[in-house]
Amino acid sequence: MKNEEQARFLFGISLSDLPKWKQFLICSSGFFFGYLVNGVCEEYVYNRLQFSYGWYFTFVQGFVYLFLIYLQGFTPKQMVNPWKTYVKLSAVLMGSHGLTKGSLAFLNYPAQLMFKSTKVLPVMVMGAFIPGLRRKYPAHEYISAILLVVGLILFTLADAQTSPNFSVVGVVMVTGALVMDSFLGNLQEAIFTLNPETTQMEMLFCSTVVGLPFLIPPMVLTGELFKAWNSCSQHLYVYGVLVFEAMATFIGQVSVLSLIAIFGAATTAMVTTARKAVTLLLSYLIFTKPLTEQHGTGLLLIAMGITLKLLPMPVDSKPGYKRVSSSVASEETRNGPEVEGRNNNLV
């Protein structure tokens, strides 16, 4: 970090004083831990218990997030952005969470996981259009993303043949979640870039508070609110699983926001894809599902795509890849009216 305005902390650990590789390792470790636990809990609740209430579960876990944020000492007085900055972000965040969890009623967990993993391509494309970013990527990163997507498609097709729980409705739902994800990471990165003083806790707190009301209409219109309430009332231990999952996911959420703030949305999308591959293998090992040759081919292409992403970039390709520099972002922050105008573009 080049200035104090961009200082980053992760659960009391000062990331700004560490070299980049340590920042990456710490953030990635927190993310992997949180979402590996999340993956196991989701498959248990949705596929083993057959509790398919994505909107309701997202709503319940939102309150767990708020409680954990309170324990971290964050208050609205510490906000540096206006509430309206988070309206669009919150809508796509809650929509993505609800559709992702809800799709597990129609897809098994590995199939859903593979669809979600393809988000790196739409994230890269959308980054070229989000105000404040206007990202450009070198050719090898697009090739890496294409290898990744092809591998995921092969795996998903194999999964459709070996899994009894594969539905077009689930595909439509998870595709909608992918569209929202393409905006989500880039919007988060744009907010961090335009105002480097934005903290991860503010981002998570505001997007949760503003986003929770967006979950009420789909819960009521689909009747899920009352069904979920009655089902969970008869099986109270489900709430224990949800709270445990939310606590782990909270660690993952704060870690992934740190990755976005420091390394950008596209790099973070590649990290999340690597996590999905690990979660996928654990899913097959823990829940004893059959692996075919096509599964193996898909995983090989995924590994190739990730490896290509990790290769060093040529020096002459780096300028187009960088985000708005910290010095420029800081100058914009000092020029209040100009930043306010640019922030309005996010809303």
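Phe74, written F74 here, is buried, because its relative accessibility is 7%, and buried means under 20% relative accessible area, exposed over 50% and partly exposed in between, with a 1.4 Å probe and protein chains only. This is a predicted model, in which local features need pLDDT of at least 70 and side-chain atom pairs count only at pLDDT 80 or more, while totals for chains, interfaces and linings use all residues. Residues are numbered from 1 along each chain as its sequence is written, and side-chain values use heavy atoms, leaving out hydrogens and water.

Let us turn to aromatic pairs. Rings of Phe, Tyr and Trp (its six-membered ring) pair if their centres lie within 6.5 Å; planes under 30 degrees apart count as stacked, over 60 as edge-to-face and the rest as tilted. By this rule there are seven aromatic pairs.

Why is the pair of F74 and F205 tilted? The ring centres are 5.3 Å apart and the planes stand at 55 degrees, so the pair is tilted. F74 lies in the loop between α2 (54–71) and α3 (87–103) and F205 in helix α8 (residues 200–221), so the pair ties together parts 131 residues apart in sequence. Helices (H or I, at least four residues) and strands (E, at least two) are DSSP runs, numbered from the N terminus. F205 is buried, at 13% relative accessible area.

F205 also forms a tilted pair with W83, at 6.1 Å centre to centre and 50 degrees between the planes. W83 is partly exposed, at 38% relative accessibility.
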